[in-house]
Amino acid sequence: MNKGRALLTAAAGGALALCQALHAQSQSRTQPPPQSNDPNAPIVSDEQFQKQLPPLDPELGKPLEPIESFDLPPVAPATPGTQTPLPAQTAAPDPALAEPLPPLATFDVTTPPAGTEEETQQARVRYSLVVEGLKEVDLEGRFRDLSALEDGDGEATNGAQIAARAREDEALAIRILRSEGYYDGTAVAAIEQLPETPGQVRVVVTAVPGDRYSLGEISLPGAETVPAGLAREALPLKTGDPIVAANVEGAEANILLRLPEQGYPFAEIGKRDVLLDPETDRGDYTLPVTPGPRASFGGYTTEGDLAFDSEHVGVLARFDRGDLYDRRKVDDLREAMVATGLFTTVSAEPVRTGEVGPDGTEYVNILVRQDAGPARSLTASGGYNTGEGLRIEGAWEHRNLFRPEGALRAAAVAGTREQSVNFSFRRSNAGKRDRTVLALIEAGRRDYAGFRGYTARLSGLISRESTPIWQKRWTWAFGAELIATNEALGREPRLSLSDAYFIGGLTGQLGYDRSNSLLNPTKGFRLLGRTNPEISLGNGTIPYIRNVIEGSAYFPAGESLVIAGRARFGSIMGISRDELAPSRRLYAGGGGSVRGFGYQQLGPRTEIANPKFDPTDPDEKDKPTISVPIGGRSLTEFALEARYRFGDYGVVGFVDAGQVTTDSTPGFSDLRFGVGIGGRLYTNFGPLRVDVATPLGRRKGESRIGLYISIGQAF
């Protein structure tokens, strides 16, 4: 044993001597060693190194003693089948360690009762947060919005939780500084005891922004575009701009947005590199750009659960083969397909063909993936207006029965003033984008203030019109219709061919819309003109023409207030009023006309015998005559609204004015006015409207209050 210790002592002594020798050599070196011309030559040669090594103790080379010669404590011999006992302990073990463990069932696992809420609150640690150094660079507000300490509302379970939040906020402050170009910024959080307020501490986050780095040289290596420099033009960064992370990322995204709009559908960007120079506080910016092949439109392919084929896809597209690729036109195609309402999902993307066009660009096909949705639908709508009463309409429709986009619709109206059924065929995008062909057959009964009648109508129309999904600037329509109607004033008409009005006519309409919404405009204006040359076939053939022109404007008077105005003028020329079928005359009054007056109630009136009056009844209370509107040949209407919106609700104050006369030229004499207030509930599909109005200078027989419920603004 003693020899082993001697060997270890000798080894330690040899190592110490080696270190002392090397140290002595370094201290005694007064001049650097001669330099060799060979760059691969060692600084110290092997011969020099060996000379400086001290001699080893000879005892280290002798063999070790046998382990039996070591002095160990005596061990009792083990009997077969038993473990060898450990060496004897110098101290007796604790007797409790030898006792058996108690059964698990005897443990009390009941949760100790919690303290009262007041005790729990007292046990929590309160703190205040002080931020220094970020206000000067206008970043304190952003830091507090994201701060873990701020989010804790000044309370924590214990001090360890406060410390963890402080460390998190240190890292947050540094991230925010670097995101704004302060790459040398530092931040440290300190927790201070407040002796004057026990149980509360103050956390001070101190940031030192340092200098702000700005962009130096900007480089976009990669293949050149045609024309040259498209990628650089799309990158809105310039030398001297602060290196703000959000601005850099937005600029890079702009490259991937603009290049596909200029003929490069497969453009890619690499990993950016910013080389910072602390001497100049500049960062040289490098972004590899791979524009890919310059491309032009080729053809169309489609796959999936198809609603229509690739030929109809070409009808919806606004580009031709050979046009330079523009992703905006592809997005427009996808939106047009969404607007058909025939898909659950639909996508459009370019696919390389490898075919080169005459201008050197590569043709790309547009792959349209379709997932057709349910084509059948049941719909219902309803409304109420004073004079028109309650009106409920239900409809069944198959939107793609006659592919592509050929819809069949059956609808019925059940109301207090109208009952009708109609069947219509409608083909959207008929051979051309946005062109609609409509054929309609309808029969029904109407009981309005101006007339009662049974009417059958057959009409056809070709149009370009707006929808809530696809609002258009220019709209137009032209068509023809045939009408057969039995009508009478104030009484039930007699179904008779000899008393019927037979009318044939043409329809022409042109609209211009610069408003920002179809159902809830807040700015812009609209213009609409409509003409209907018609022929009345009855007692002779009488041609005449019905014209209506209207316009509306919308002016935002603030963030929540919109001023809206409307004017409408109508005229019928070439026929007297009494020769016109009552349903073809002009009327005013109602929710879409002059509110405060019942539907068709404004204008010339006449006294007729009351069909409900019974002269033989001694208790008869009805008057022998009634006053009914008879319509006219000219129409003048105005409306002014102030629309105030707060959240999803709104209130509207309005003034309407209008009149109907027997002359064919609209005039401004004897205008009647209605005033009122309304409420709006704004939804995703448009505002729900409830208006209440009263006429000014109310005359005998006119209602005091008019109520109007519908979807969409009044105009």
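Which residue forms a salt bridge with Asp-648? The views below are taken from a predicted model.

**View A. The salt bridge of Asp-648.** The partner is Arg-645, and the closest N and O atoms of the pair are 4.0 Å apart. Asp-648 is partly exposed, with a relative accessible area of 46%. Arg-645 also counts as partly exposed, at 32% relative accessibility.

**View B. A salt-bridge network that includes Arg-595 and Asp-691.** Salt bridges with shared partners join Arg-595, Glu-641, Arg-643, Asp-656, Arg-680, Arg-689 and Asp-691 into one network. Asp-691 belongs to strand S29 (residues 686-695), whereas Arg-595 sits in the loop between S23 and strand S24 (605-609). The two residues are 96 residues apart, and the pair links distant parts of the chain. Asp-691 and Arg-595 are both buried.

**View C. The salt bridge between Arg-369 and Glu-303.** This contact is one of 47 salt bridges in the structure. The side chains of Arg-369 and Glu-303 come to 2.9 Å, N to O. Arg-369 lies in strand S12 (residues 362-372) and Glu-303 in strand S10 (residues 295-305), 66 residues apart, and the pair links distant parts of the chain. Arg-369 is partly exposed at a relative accessible area of 34%, and Glu-303 is partly exposed at 36%.

View D. Arg-568 is part of strand S23 (residues 561-573). Its relative accessibility is 17%, so Arg-568 counts as buried. The side chain of Arg-568 makes a polar contact of 3.5 Å with the side chain of Glu-550.

**View E. A negative surface patch.** Four residues form the patch: Glu-217, Asp-277, Glu-279 and Asp-284. Glu-279 is placed in the loop between strand S7 (273-277) and strand S8 (282-286). Glu-279 is exposed because its relative accessible area is 73%, and the cut-off for exposed is over 50%.

**View F. Phe-266 and Pro-291.** Phe-266 lies in the loop between helix H8 (245-258) and strand S6 (268-269). With 25% relative accessibility, Phe-266 counts as partly exposed. Phe-266 and Pro-291 are 25 residues apart in sequence, and their C-alpha atoms are 6.7 Å apart in space.

View G. Ser-347 is found in strand S11 (residues 343-356) and counts as partly exposed, at 26% relative accessibility.

Notes. Residues are numbered from 1 along each chain as its sequence is written. This is a predicted model: local features need pLDDT of at least 70, side-chain atom pairs count only at pLDDT 80 or more; totals for chains, interfaces and linings use all residues. Side-chain values use heavy atoms; hydrogens and water are left out. Patches are made of residues with over 30% relative accessible area and no salt bridge: like charges are joined within 9 Å, nonpolar side chains (Val, Leu, Ile, Met, Phe, Trp, Tyr) within 5 Å. Accessible areas come from the Shrake-Rupley method with a 1.4 Å probe; for residues, only the protein chains shown count as cover. Lys and Arg count as positive and Asp and Glu as negative; His and the chain ends are not counted. The place of a charge is taken as NZ of Lys, CZ of Arg, CG of Asp or CD of Glu. Helices (H or I, at least four residues) and strands (E, at least two) are DSSP runs, numbered from the N terminus. Buried means under 20% relative accessible area, exposed over 50%, partly exposed in between (1.4 Å probe, protein chains only). A polar contact is a pair of N or O atoms within 3.5 Å; within protein, one must be able to donate a hydrogen and the other to accept it, and residues adjacent in sequence count only if both atoms are side-chain atoms.
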